[in-house]
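Open the model in your viewer and keep the sequence panel beside it. The stops below are given in the order in which to select them.

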Amino acid sequence: MKFLALIWLVAGKLRHQQTGGGRKGGFVGLLMISLGLGVTSMAAIGSLAAAMMAGMQQHGAELLGGDVKIAVSQREFSPAEKSWLQAHSQQVIFGATTRAMVRVGNANPTAAQPSQTSQPSQTRQTSHLVEVTLVDSEHYPLIGASHFAPLTDAPTPKNLAQYLADNGALLGKELVTQGQFKPGASLQLGGWHGILQGVIQDNNAAGDGRPRLAPGMLIDLRAMDATDLTRAGNLFSSLAWLRLPPGLTPPQFRQALQQAWPEAGWHVQDRDDPRPGLRRFLDWVQSFLTLAGLSALLLGGMAVTHGLVHRIQRREADFALIKLLGGTPTLVVLAEALNISRLLVTALLVGLAVGAAIPFGLEWLLRYQDWSLGVPILAHIAWQKLAMAGGFGGLVAILALVEPLARVVALRPALLFRPQQTSLAAAGRTWFERLDPRRLGLRRLLVMAGWMAVAGLTSVAFHPWGLGLVFFLVLGLGYGMFRGLAYGLTKICGKIRPYFAPWPILNLALSRLARPRRGFIAVFAAMGLSLSLVSLAVFIGLALHQALGEQIPAQAPSHFFIDIGQAQKSNFLQTLDRFGVKNTTSSASPNRPPQFLIAPSIRGRITALNGVAIEKITIPPNLAWAVESDRGLSWSADIPYGSRLVMGNWWQAEDFGTPLISLEESLAYGFGLKLGDSMTLTILGRPITARIANLRRVNWLSLSLNHAILFAPGALEATPYNYIATAIVPPTQEAEFMTQMGQDFPNITIVSIREVVQQLLAMMRALEQGARLIAVMVVMTALLAVGQVIMTWLPDRTRDLGVCQMLGATRKMMLFSVAVEFALVGLVASCLAVEIGLIGAALVVKFVFGLPLDLATAHFAWRGLAVMGIGVVAALGVGVGVSYFSLRQPLAGLLRGE
């Protein structure tokens, strides 16, 4: 107890002495910011993701519109299936959904109205792609509420049934706002005619969690036959929303459903996981952003280490005096550790508190500012996420303590009498002293154990687990690379310095860089790592924009056509021919896609691999999309445009009629399939087992008519099917072409590639906002680290600059030499960082997103130069800013050693 009391007393004395000079506040603030930024980013990202996950789970039934939602493709539920669902639920309603073209009459209120003598066909109409949902208006949704609004000042209908009565319809607010539709505008959907009655404000139950490619539309289920959109062969899905009876859980219902209908090919969502696709997407985004936050935390740990070293250097005399008065090294180290831990723990707690509070602030904004994220936010204290952020922060803080406390142990009381000779800041070590286990063995052991703990926590804290481990290894490799390059640069500067003797300023800058113990290596590593992360984020975003905004529009067709009936095929081809769109597959090339392609289309669901039910197989997370919903299927006698055979042989005419499939290679490798293996698919409720005949590599960027699963001819022709097509329509004829298509083929759905690309780009911009915020935090933390590193060798820099002033150098000349020194540091570090960012972006874009990366463009050159400029300016700002205070030191005090 006496020893603990003595530690507390000494710690209080040291803390009291630290308050002198008025520098405590600035130092403590920088120390807390350095560690707190990383902890805050990790805690905020984890807490926000947990709030979104909890919101989806708690409001899962409201998001689905029922306890369970079931979808089946290209057919309606059979009477036996409907009876089974009604018998195993408290309540069930049915519906359907599909994408279609809706023709709106009198859409523009400013357009001239037709005269009374005009024919109905002359009424101005526009066509728009919508995602139509046909619902039981009397009971939809079963659980939760959807929000609608009328278009006029008339009394608001009481419920959805009144909106949809008498062939009424509701359109998504984004379409109504864009089109400026008049109240009571006429609508035509296939063979159905209706009237626009209102706007869909919120209708989560109609979605499945995937990004919408078109605005929504609601009509009554009784209009199904009139629309002619759900006929056999069309790409539609029948829906069923169920309210489960008390005591029956969604897993129990799924099990009963699987036992009763094992080969029905149903897609089931329940309230426990209402948005599986969105959940996986959030997991990936959270992992990548958290890794970026971890980078900021590690850089912050570097800043804390050097900041604490600077603190020890400024107070070496205090520690030496305590040792001279009989204080043991253990006493001094524990007392100083108590003071430092107080600061670090405060920084950790503040960072965790700020990160935990962000979801609450976002929930308030969404509630009172009428914002929407598409999913509910349930703000709560995510203890697991905070524990992970606190664990990383605590490990980094412990690692930051090792070097400063080791310096406290190594201080000698003789420092009071011979400061210039015995100060650790000025005294060098021989190679033998650096290997002395009595002085550095424990420190190295602690550092190694700490980094192993950080690596272990990283590998288990991220999903998939290998992502964190690979990131940590790459980060460590990058840090070692920058340190090695910095050491090599010091040798080069030492070699070339004599050649710059005629230029004293340059010679002085090179001489300072030639002394690695002055902290240059740490500065270089911190700058390089931060700029590498920034360049990686910049180049990945640029590559995705390039693919979506340039490569896809250049290679892709202008329009997709869906639900072309078999009887409509010849008339459809004649219409395209009138507009000069012809099938030019034979003359197509990778840079010149065909003007027109057409292929049969049907949908099916993967239910078994090699005879094993898909539910019993562990599917990689990146391929879960392939088994959780129906897949588009087709057949072809020839290899489709945009595909390349990579394994096996293409089928011959004698193989037609045999159930053979050509599988996309990434699916085959992800599923662990090889040539000769079997795959079972349920198509229109009928299972079909086919053998894998070959593997293809598909250029998905071409947006051609390619399918991941392609059958040989003769296996699926007996099932009802329609055609899909792509075409490149000249821009000058596009308006006339769309009008003609709407009049001749009202049931055919036309998708504009331009509009889809714009929606994808808008989603990317939203994601980039979060990535940019993390990048800013990383750069800020790196600059703090650089500043703290420079502060550790500030006494030596002050002495060097003072000696130069004594020899006649002016402050302006000294500042210029410092600017040259740090400009060189920033330039070399940013050059290597740009190279690392380009390589990393190429790997991520190719293996994660499956897109090519064309680096030979001016955009990448300009972005690379911008990153290099940021590096040079940041290094100049921090280096010159810190060194400026050294030049303000009185020269007389320096000569007296004060």
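Contact here means heavy atoms within 4.5 Å. Helices (H or I, at least four residues) and strands (E, at least two) are DSSP runs, numbered from the N terminus. This is a predicted model, in which local features need pLDDT of at least 70 and side-chain atom pairs count only at pLDDT 80 or more, while totals for chains, interfaces and linings use all residues. Residues are numbered from 1 along each chain as its sequence is written, and side-chain values use heavy atoms, with hydrogens and water left out.

**The whole chain**

Start with everything shown. The protein has 27 helices and 21 strands. Of its 898 residues, 50% count as buried; buried means under 20% relative accessible area, exposed over 50%, and partly exposed in between (1.4 Å probe, protein chains only). Among the contacts in the protein with a separation of 6 or more, 82% are between residues 24 or more positions apart. The protein exposes about 41300 Å², and carbon and sulfur atoms supply 62% of that area. Accessible areas come from the Shrake-Rupley method with a 1.4 Å probe; for residues, only the protein chains shown count as cover.

**Helix H4**

Select residues 79-87, which make up helix H4. Which residues of H4 are buried? They are Glu81, Trp84 and Leu85. These three cover an arc of only 100 degrees around the axis, which puts them on the same side of H4; the arc is that of the directions from the helix axis to the C-beta atoms. An α-helix has 3.6 residues a turn, so residues three or four places apart point the same way. Pro79 and Ala87 are exposed on the other side of H4.

**Two loops**

Move to Tyr140 and Pro141, which are joined by a cis peptide bond with omega about -10 degrees. Pro141 lies in the loop between strand E3 (125-135) and strand E4 (147-150).

Next, select the loop between helix H5 (160-164) and strand E5 (168-172), where Asp166 is found. Phi of Asp166 is near 55 degrees, a positive value in a residue other than glycine. Asn167 sits in the loop between H5 and E5 as well, and its phi is near 60 degrees, again positive in a residue other than glycine. Are these two residues buried or exposed? Asp166 counts as exposed at 72% relative accessibility, and Asn167 as partly exposed at 42%.

Select Val350, Val354 and Ile358 and show the surface. Together they make a nonpolar surface patch of about 220 Å². Patches are made of residues with over 30% relative accessible area and no salt bridge: like charges are joined within 9 Å, nonpolar side chains (Val, Leu, Ile, Met, Phe, Trp, Tyr) within 5 Å. A salt bridge is a side-chain nitrogen of Lys or Arg within 4 Å of a carboxyl oxygen of Asp or Glu. Val354 lies in helix H11 (residues 329-368) and is partly exposed, with a relative accessible area of 39%.

**Helix H19 and its surroundings**

Select residues 569-578, helix H19, whose buried residues are Phe572, Thr575 and Leu576. They cover an arc of only 100 degrees around the axis, so they are on the same side of H19. Show also strand E11 (559-564), strand E12 (596-609), strand E20 (722-727) and helix H22 (734-744), against which the buried residues of H19 pack. Gly580 follows H19 and has a positive phi, near 80 degrees.

**The aromatic cluster**

Keep that region in view and turn to its rings. Rings of Phe, Tyr and Trp (its six-membered ring) pair if their centres lie within 6.5 Å; planes under 30 degrees apart count as stacked, over 60 as edge-to-face and the rest as tilted. The count by this rule is 14 aromatic pairs.

For one of them, select Phe561 and Phe572: the ring centres are 5.2 Å apart and the planes are at 70 degrees, so the pair is edge-to-face. Phe561 lies in strand E11 and Phe572 in helix H19, so the pair ties together parts that are eleven residues apart in sequence.

Phe737 lies in helix H22 and Phe561 in strand E11, so the pair ties together parts that are 176 residues apart in sequence. Phe561 is buried, with a relative accessible area of 0%; the value is 0% for Phe572 and 0% for Phe737.

To finish, select Phe561, Phe572, Phe579, Phe596, Phe737 and Phe745, which form one aromatic cluster.
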